[in-house]
Amino acid sequence: MSGQVPTVAVVGFPNVGKSTLVNRLVGGREAVTDSEPGVTRDRKRLACEWNGVAFELVDTGGIDLEDEAELSRDIQRQARLGIAEADAVMLVVDARAALRAGDAELARTLRGGGPPVLVVANKVDRVADSHLTAEFNKLGLGEPIPVSATHGLGTGDLLDRIVETLGDRPEQAPLDDATRVAVIGRPNVGKSSLVNAFVGDERVIVSDRAGTTRDAIDTELEVEGRRVILVDTAGLRRRSKMAGSIDFYAQLRSQRAVERADVALVVCDATEGITSEDLRVAELAMKAGCATLLAMNKWDESRTDIDEARAKVTRKSRLRPTVVTVSALRGRNVGTLLPRTLELADRAAERIPTPALNRFVADVVAKTPPPARRGKRLRLYYSAQVGEKPPRVAIQVNDRRLITREWAYHLENRMRETYGLEGVPLIIDFVPHSGRRGAPKPDENN
């Protein structure tokens, strides 16, 4: 699916400024950056455009071929996959550090055939420092391009060279809007393993070490003829435990991914049951207006009672999300999980016909009338859905002060049951009766 636009893999030794350069070229702060080496681990695709030409930059982890550590090997494998899929490669080097053995080893790999390579000499912060790039001609990959990712020097020339290297390509037909599914949860519950199981490939690094994923990694695939973007995210934990750290900023990206998603797939560790932290993550998704499904991963290793887990979620979560079991390792229920997620996204986008909604409200009132307050009883006149994704319903009433929290929750729960909105944020606005029939306008204070 990502082949709709050309891709440019950004590779290099650790801490040469690849992610900073990617952020500069795309005009944002999408890639996690820090002075600590090895921050980027997975392949992260980011859309870029220059002079009307669209392409994707694939940010990769730093490649140190001498590092034998398991995580380093995983990062290298992800980078090689990015190179294999790319239409061009940017080899980023640190001009201030001069030519290093690691740069030469990586250049030898890239000279072995494959996509065209641009050598980008980063950290040339002044025009007077351009002579620092001369040494990199020894790499045998052409004239180095001096840039400063921090200050933007030379990035326009670099983008010109990228577009020139990609060449003329036929214009691609626009793709339909994709359904975005954010895979979220506590650290080390198996989010990345589940994404890889969906894709059928090692799209993201999986490790027993908590906190391996730091970026929000988009993966495009097709499910039952529909375009889906899976977003693997960093594990969510309380911010107070990591303020100012790399993980803190990685979590901010995770939360932004949830805000952009249609559905949040909250992954829980079935061996631990549904924890208060799992419910907190689900609550975060609900507050972002995201439909939510709870997936108990590692079910093949669990002794948890599923009925007890579902009852706990019903008691503790106002959203009442559906709880399903899955094993990313064994493949159990993996094939049915994404279709269920898409079904939930569809329900969050549906509109309830106004006549049906008014009949539903009348039936609820007839079976369970609102309690009287101060000798007066709440009267409901007219209902209409005024928004979707998430659904928003406005109901005209005689006096909002007569509404009790308990009866409002009762109406909300009956609406979830009737229209299959378990796990879907639902907003009900009670607005003063205007004296005439028509679609009521929601009160933003409710």
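Buried means under 20% relative accessible area, exposed means over 50%, and partly exposed lies in between, with a 1.4 Å probe and protein chains only. The model is predicted, so local features need pLDDT of at least 70 and side-chain atom pairs count only at pLDDT 80 or more, whereas totals for chains, interfaces and linings use all residues. Residues are numbered from 1 along each chain as its sequence is written, and side-chain values use heavy atoms, with hydrogens and water left out.

**View 1**
Alanine 98 is not a glycine, yet has a positive phi of about 65°; at 27% relative accessibility, alanine 98 counts as partly exposed. Alanine 98 lies in the loop between β4 and α3 (101-110), where helices (H or I, at least four residues) and strands (E, at least two) are DSSP runs numbered from the N terminus. Asparagine 51, likewise a residue other than glycine, has a positive phi near 55° and is placed in the loop between β2 and β3. With 62% relative accessibility, asparagine 51 counts as exposed.

**View 1. The protein chain as a whole.**
The protein chain has 11 helices and 15 strands, and 52% of its 446 residues count as buried. Its accessible surface, from the Shrake-Rupley method with a 1.4 Å probe and, for residues, only the protein chains shown as cover, comes to about 20700 Å², of which 46% belongs to carbon and sulfur atoms. Contact means heavy atoms within 4.5 Å, and among the contacts in the protein chain with a separation of 6 or more, 71% are between residues 24 or more positions apart.

**View 2. Valine 8 in strand β1.**
Valine 8 is found in strand β1 and counts as buried, at 1% relative accessibility. Not counting residues up to four places away in sequence, valine 8 touches Phe55, Glu56, Leu57, Val58, Ala88, Met90, Ile162 and Leu166. Valine 8 and alanine 86 are 78 residues apart in sequence, while their C-alpha atoms are 5.5 Å apart in space.

In helix α1 (residues 18-26), the buried residues are Lys18, Ser19, Leu21, Val22, Asn23 and Leu25. The elements that cover these buried residues include β1 (7-12), β2 (44-50), β3, β4 (88-94), β5 (117-122) and α4 (155-166). The axes of α1 and α4, which are lines fitted to C-alpha atoms over the stretch in contact, with angles from 0 to 180 degrees between N-to-C directions, come within 11 Å and cross at roughly 85°. That makes α1 roughly perpendicular to α4, given that angles under 35 degrees count as roughly parallel, over 145 as roughly antiparallel, 65 to 115 as roughly perpendicular and the rest as oblique. At this contact, Leu21, Arg24 and Leu25 in α1 meet Thr155, Leu158 and Leu159 in α4. Just after α1, glycine 27 takes a positive phi of about 75°.

**View 3. Glycine 61 in a loop.**
Glycine 61 is placed in the loop between β3 (53-59) and α2 (70-85) and counts as buried, at 1% relative accessibility. Between glycine 61 and phenylalanine 13 there are 48 residues of sequence separation and 8.4 Å in space, C-alpha to C-alpha.

**View 6**
A search of the whole structure finds one aromatic pair. The rings of phenylalanine 360 and tyrosine 419 have their centres 5.6 Å apart and their planes at 70°, so the pair is edge-to-face; rings of Phe, Tyr and Trp (its six-membered ring) pair if their centres lie within 6.5 Å, with planes under 30 degrees apart counted as stacked, over 60 as edge-to-face and the rest as tilted. The pair links distant parts of the chain, with phenylalanine 360 in helix α10 (residues 354-367) and tyrosine 419 in helix α11 (residues 405-419), 59 residues apart. Phenylalanine 360 is buried, with a relative accessible area of 8%, whereas tyrosine 419 is partly exposed, with a relative accessible area of 23%. The axes of α10 and α11 come within 11 Å and cross at roughly 130°, which makes α10 oblique to α11.

The peptide bond from lysine 389 to proline 390 is cis, with omega near 5°, and proline 390 is placed in the loop between β13 (380-387) and β14.
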